[in-house]
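User: Hi! I have a structure open and would like to talk it through with you. Could you take a look along with me?

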Amino acid sequence: MKVRVISADHAVAYAAKIARTEVIPSFPITPQTLIVEQLAEFISNGELDADFIPADSEHSVMSIAIGASAGGVRVFTATSSQGLALMHEMLYCVPQNRLPIVMANVNRSLGAASGIWVEYNDSMAERDSGWLQLYVEDNQEALDATLMAFRLAEDRRVLLPVMICLDGFILSHTVEKVELPEQEEMDNFLPKYDPLNILDPADPKVINPIIPPEYAMEMRYQLDRAIEHSREVIVEVEKEFAKAFGRSYGGLIDTYRMEDAKFAMLTLGTATGLARRTVDEMRAEGKKAGLIKLRFMRPFPFKELCEATKDLKSLGVFDRSVSFNGGGPVHTEVAASLCNVPVTVTGHIAGIGGRDITPRHMRDMYDLVEKATKGEDVRKVTWHGLRGDME
Amino acid sequence: MFEVRFHGRGGQGAVMAAQTLAEAAVIEGRHAHAFPFFGAERRGAPVMAFARIDDEKISIKSQVYEPDLLVVLDESLIDIEPVARGLKKDGKAVVNTRKSPQEIDLGVEVECATVNANAIALEFLKAPIVNTAILGAVARITDLVSIGSMKQAIENRFGEKFGEAAARINIGAAEAAYEQASVGLCQGRRPLVIKREWLPDWRDIPIGNSLSAGIKDGVMVGPGGARQNLTGSWRMQTPHYDQEKCVRCLRCWFTCPEGCIKREDDDHVRWDLNYCKGCGICSQVCPVTAIDMIKGGSR
Amino acid sequence: MSTIKDMPRNDPFTSGHGACAGCGMAVAVKNIMRILGENTTVYVPASCLIVISAMYPTTNFRTPYLYTAFENTGAVITGIRAAQRRRGLSSTVVGLAGDGGTFDIGLQALSGAAERNEDVLYVCLDNEGYMNTGIQRSGATPFGAWTTTSPVGNVVKGKREFKKDLMAIIAAHDPPYAASLSIAHFNDFVKKVEKAKNKKGFRFLHVMTPCVPGWRSDPSMTVEISRLAVETGMWTLFEIEEGSSRTTYRPQTMLPVTDYLKLQGRFRHMENDDIAKLQDWLCRKWYIHYGHEAEQPVCAVFEKRKPMRTPQEEQLHFI
């Protein structure tokens, strides 16, 4: 183990390196580019034996990834925003074919009113694709989540692709202290990749022909169940990881000071750190605040959330993305999953288009959530940091 | 509600027939719809189309499983598919054949109109597109729509798509079939055997949309398994090979799209007619006219 | 392997596929697979070929087979080859794409694979249109042809643009091997597939595959139409090897294009003006490929007003 001060992009690249990734298709896009640059450097220095394939587009990146994964090797790639959107078509091919590709998506806003700054709309738009999807809070978690992603994806009980989502710039270009595991430690943690279905003339298989209606429905259900069953493996991998590396993240969700909490925020990504700080602040004021950190968006932690929120009076859900005219996507999913818990759920949208989220914004969210515990009327969805009154 | 199922081959115009029947019913002030079986079939492959007619607006969009009327545009389909499956006991049938109704065995004994739509189509359209001729016979055997409305519907649909002259010719074909159709009881002796299929529960489907070659529930699956599709049933003409003339150039072997021409050790050839679709390329490329195409299909 | 007689007898692409009777693409695929053999891995993008040969739970290919989407043949075969090389497999990785998937939507991924000189074989099965979706025009559709999106109306009759010169684009990538093939020129076909199989690096084969419903032709005439395409200059047999190009078959005399057009309903509407325009285009193409030595009688009109080309233009069209 060594300690370095590096960016999350660097940390993710390092994880892909010690996972002994074999094929890395790539295409540059800010703020992901540092990842593939770093990997190209590892390869050109002889530190990593992998095929680095500079593709003509992100669509081709995911196509190459599919070909290589179906060819039976470990594949990693990274993208952002428009790049992820360009992959959209190919993303859907991966889970159904059960190809355990690992990809980092460095979150960045998407579409018109576009910029290069963080927003989760890019990855949220892909949550129906069948990829396992998780969000990280800091550079260490970016590294650790990537390491775990390989083991999770390749587990025969899972065999699903994993998308690690990390905040553009706030993580990708911020350096902080990161503990880097040694190659040997990783080799002990991650078994050699043993693919299930591969394209090999010695044992010819057809993969993904046209699927007529007589079969498609059963296949979709099978995939839906595979995602469901990945929960147990996530918990198991977390435990194994803690044993090997001494760090753990709580599984599908993590909680902070929730034991006797009366109100809480649910956050994901880097806003979680700010929320943790706010909880401490409110606790010091004698207010029973708590925090739920959503790690996995898929599989969605239905049971875990029901359990974590059962004694709450009020829950605020943070979203760094907008499902236009539908609030935030995390908010709607959380609200739908808590049907049996008598808790007031409100949505809190902030940090849109890379707008900085300040401690004040987070405190405002908590104040509103606390207000709801007193039976006061709180807007269902509040945009924090917006100029002008909300309609 | 009156439900109709059409069985034909890709290229015969089964879908157009269903649409035209629906339009004829609408002309008579009723409600109707028509749609194809949404497959990916090619010219010559068995296809289906459906139509429904009612006095009310039709809300059901499912396929037709228990038709009141069965329309068979290609007689050879009767031997390869259970076309009459689900046909109501008091239903009716129309078959394109030169035979009489009494000579046809659909597997369900019903009132049946037979008409040699092939001959009519060749006479009027100079092509084996039998859909309008068959509609003449439909008008004859059912009181679903009048021959007048049927003609109007043909004019509307064909005129719009192919021009006035084409519409006139097609109306002529329908009229001729209306006159020439013979009506009687067909036979109901043939067992309606359902094609064997592998339809596993979701747990039993190999994961990853992937299969190795093998047999499941009696059917081939995986790489190469498509050879169980005996496409020779599409054939309308059959190659006749004169080995004496053959110069063993292998042009036919090379150019057969089906791979149904087999190469002997001495480079003479033989046909696996289970797959021959009767395209006639072999005959065309043969430099010594050792291959003739003889009219007639697999049976 | 240089003649039909040398070809293996077994069929890695089996009978029982769903192609129309007389399908030119089926002829091409069957023979390509015979020559490539069973140590081959096949990728097919969205096309007629996937529909006629790979409907779950079966395929007609006895080899490994993958399908994913329409526009990514160059990319997916890149990935497969990279993985197989790492696993120590020697199999030929082949992408069998249509003209839509190659000339149009797949051009970018194709260019990427060619530029990186991936060790793969890319085959374009060119039936000059989007036939799988019901006969729409593509960049490969020839001038004048009817398709459902270049219909014959009162004002505009058929496609107004000439066929894209795909091989010039391929040649610009300087591949180790590229060749155009015809299913009517059997031994030439065999030699080129064999050559492509044995070369290393990016290899490209362009095969003309007549389409019975799309070209409105008689099923038995598929091979004859391919032959006439070469004799009229609508298709040229040549190969590009390590930077230099040569024609592999030269017709005795150029036949008038009408010999080719008259066998196909898609050209039936063509009037004299358009036929002359197409003939002009063909004459220009003919001299580019075969040189100016022998003047062609059918090009007499064209000869009189033959445009002068600059050396740069000659170079651009060196194939």
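User: Which residue in β2(C) is the bridge partner of Val206(A)?

Analyst: That's Tyr65(C). Before going on, a note on the model: it is predicted, local features need pLDDT of at least 70, side-chain atom pairs count only at pLDDT 80 or more, and totals for chains, interfaces and linings use all residues. Residues are numbered from 1 along each chain as its sequence is written, while chains are lettered from A and ligands numbered from 1 in the order in which they are written.

User: Thanks! In what sense do β9 of chain A and β2(C) pair?

Analyst: Parallel, over two bridges, with β9 covering residues 205-207 of chain A. Two strands pair if DSSP finds at least two bridges between them. Strands (E, at least two residues) and helices (H or I, at least four) are DSSP runs, numbered from the N terminus.

User: How many residues of chain C are in contact with chain A?

Analyst: 37 residues of chain C, touching 36 residues of chain A; contact here has C-beta atoms, placed from the backbone, within 7 Å.

User: And which element of chain C gives the largest share of that side?

Analyst: α3(C), with ten residues. Elements supplying at least two residues each are β1 (40-43), α2 (48-53), β2 (65-66), α3 (73-86) and α5 (107-115) of chain C. By type, that side of chain C has 18 nonpolar, 14 polar and five charged residues. Ala, Val, Leu, Ile, Met, Phe, Trp, Tyr, Cys and Pro count as nonpolar, Asp, Glu, Lys and Arg as charged, and the others, Gly among them, as polar.

User: How do the axes of α3(C) and α5(C) cross?

Analyst: At roughly 40°, coming within 6 Å. Axes are lines fitted to C-alpha atoms, for helices over the stretch in contact, and angles run from 0 to 180 degrees between N-to-C directions.

User: Switching to chain A: what is the strand order in the open sheet?

Analyst: β4-β5-β7-β6-β13, five strands with mixed pairing. β4 (76-79) and β13 (296-298) are the edge strands, each pairing on one side only. On average, neighbouring strands are turned by 20° against each other, direction ignored.

User: What stands opposite Gln133(A) in β13(A)?

Analyst: Arg298(A). β6 (132-135) of chain A pairs with β13(A) in the antiparallel sense, over two bridges. Helix α7 (139-154) of chain A lies across β5 (102-107), β6 and β7 (162-167), and runs at about 170° to β7(A).

User: How is chain A divided into domains?

Analyst: Into domain 1 (2-245) and domain 2 (253-383), with bounds from an automatic or database domain assignment. Their centres, taken over C-alpha atoms, are 28 Å apart. The contact takes 25 residues from domain 1 and 20 residues from domain 2.

User: Last one, what is the mean pLDDT of chain B?

Analyst: 93, with 99% of its residues at 70 or more; pLDDT is the predictor's confidence in each residue, from 0 to 100. Within chain B, confidence is lowest in helix α2 (77-80), at a mean of 88, and highest in helix α7 (251-255), at 98.

Conventions. Two residues are in contact if their C-beta atoms, placed from the backbone, lie within 7 Å.
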